[in-house]
Amino acid sequence: EERQRALEAQEQDDATRRQSMADLDRAAAAQAEQVQEVLSARVFELKAQEEELQDRLRQVEEREEKLEAAQKDWEAEREQLRRQLIESEAAAEAKREDEVSEAATVASSAGAQEEASTVLMA
């Protein structure tokens with residue numbers, strides 16, 4: 001009888017242990033599922049952030065390309081204006097030289113006419 005009670009107690013302990021192990025397994029599985037859900041949500045958030053950052057990077061690169069193109073246009077326009085200024089200054093200088101030459105010719109011609117008039121009067 002004592003042996004029977006010991007066997008029953010042992011069986012009861014084994015059943016309790018099996019039940020505890022099953023409870024622990026279920027708790028561990030539930031916790032693992034919760035961790036997986038949290039990690040999945042975090043991965044989703046990180047992917048969304050990565051996409052947003054990629055979009056922002058593309059926008060910045062597009063703006064950078066536009067700025068580079070605008071800078072090249074500005075530099076080309078500046079160079080064109082510089083050339084026009086040089087040409088304008090050269091044309092103005094040539095015009096001044098022509099005017100001086102013409103004035104010298106007129107003065108020389110006037111001087112020759114005066115001399116001729118003086119000679120004719122004499």
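Asp-55 and Arg-58 both sit in helix H1, 3 residues apart, which is about one turn of the helix. Helices here (H or I, at least four residues) are DSSP runs, numbered from the N terminus. The structure is a predicted model, in which local features need pLDDT of at least 70 and side-chain atom pairs count only at pLDDT 80 or more, while totals for chains, interfaces and linings use all residues. Residues are numbered from 1 along each chain as its sequence is written, and side-chain values use heavy atoms, with hydrogens and water left out.

Asp-55 and Arg-58 are joined by a salt bridge, with the closest N and O atoms 2.5 Å apart. A salt bridge is a side-chain nitrogen of Lys or Arg within 4 Å of a carboxyl oxygen of Asp or Glu. By this rule, the count comes to 9 salt bridges. Asp-55 is partly exposed, with a relative accessible area of 39%, and Arg-58 is also partly exposed, at 43%. For these labels, buried means under 20% relative accessible area, exposed over 50%, and partly exposed in between (1.4 Å probe, protein chains only).

A salt bridge also links Arg-56 with Glu-52, where the closest N and O atoms are 4.0 Å apart. These two residues lie 4 residues apart in helix H1 (residues 2–121), so about one helical turn separates Arg-56 and Glu-52. Arg-56 is partly exposed, with a relative accessible area of 47%, and Glu-52 counts as partly exposed at 45%.

Further along the numbering, the side chains of Arg-83 and Glu-79 meet in a salt bridge of 3.5 Å, N to O. Arg-83 is partly exposed, its relative accessible area being 49%, and Glu-79 is partly exposed at 24%. Arg-83 and Glu-79 are 4 residues apart in helix H1, so they are separated by about one helical turn. Salt bridges with shared partners join Glu-79, Arg-82 and Arg-83 into one network.
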